[in-house]
Amino acid sequence: MTPFDKQQQRLHKANRFARVALLAACGERVFPIYEAYWVGDYTPDVSRTVEQGWIYACGGMISPEDVRCSLEGLLALVTYYNEEDIGILSCCATLALRIVQCIDAPTDD
């Protein structure tokens with residue numbers, strides 16, 4: 001078992017709040033890259049999603065409408081960056097998408 005596999009096992013054992021907090025912390029690190037190099041129409045969904053992640057991880061509520069809007073916007077953004085083959089921006093947008101997907105996932109804990 002590789003170190004990556006061990007980390008993955010630990011992460012799967014963590015509750016959803018911890019997973020969202022980890023994603024939000026990662027999002028904070030990549031958000032400046034998106035801000036500096038975005039292409040196309042600017043969307044605030046990337047930064048808003050990081051904020052939503054922290055709110056959720058700390059026990060706050062995110063409205064289902066906000067989650068739905070973020071999902072739609074980020075899916076379109078990831079698709080655009082993948083079609084344009086802009087890998088670094090696709091990664092930034094994908095991380096933001098993963099935050100929202102984790103918040104939106106069925107309750108598992």
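What follows is a walk from the whole chain down to single residues.

**Before you click**

This is a predicted model, where local features need pLDDT of at least 70, side-chain atom pairs count only at pLDDT 80 or more, and totals for chains, interfaces and linings use all residues. Residues are numbered from 1 along each chain as its sequence is written, and side-chain values use heavy atoms, with hydrogens and water left out.

**Whole chain, cartoon view**

Start with the protein chain as a cartoon: five helices and zero strands, running α-α-α-α-α from the N terminus on. Helices here are DSSP runs of H or I with at least four residues, strands are runs of E with at least two, and both are numbered from the N terminus.

The chain exposes about 6700 Å², and carbon and sulfur atoms supply 59% of it (Shrake-Rupley method, 1.4 Å probe; for residues, only the protein chains shown count as cover). Buried residues make up 33% of the 109, where buried means under 20% relative accessible area, exposed over 50%, and partly exposed in between (1.4 Å probe, protein chains only).

How about contacts, meaning heavy atoms within 4.5 Å? Among those between residues at least 6 apart in sequence, 70% join residues at least 24 apart.

**Select 87-104**

This is helix α5, with 18 residues. At 1.5 Å a residue it should span 26 Å, and its end C-alpha atoms are 25 Å apart, which agrees; the expected span is 1.5 Å times one less than the number of residues. Show side chains and look for the buried ones, among them L89, C92, L95, V100 and I103. What covers the buried residues of α5? Colour α2 (16-37), α3 (45-57) and α4 (64-83), which are included in that cover.

**Select Q52, then S70**

Q52 lies in helix α3 and counts as buried at 6% relative accessibility. Leaving out residues up to four places away in sequence, Q52 touches I62, D66, S70, V100 and I103.

Hop over to S70, in helix α4. S70 is buried, with a relative accessible area of 0%. Beyond its neighbours within four places in sequence, S70 is in contact with D45, R48, T49, Q52 and V100.

**Select F31**

F31 is in helix α2, and it is partly exposed, with a relative accessible area of 21%. Not counting residues up to four places away in sequence, F31 touches V46 and S47.

**Last stop: D85**

Where is D85? Look in the loop between α4 and α5. At 68% relative accessibility, D85 counts as exposed. Check its backbone too: D85 has a positive phi of about 55° although it is not a glycine. Most residues other than glycine have a negative phi.

Conventions. Contact = heavy atoms within 4.5 Å.
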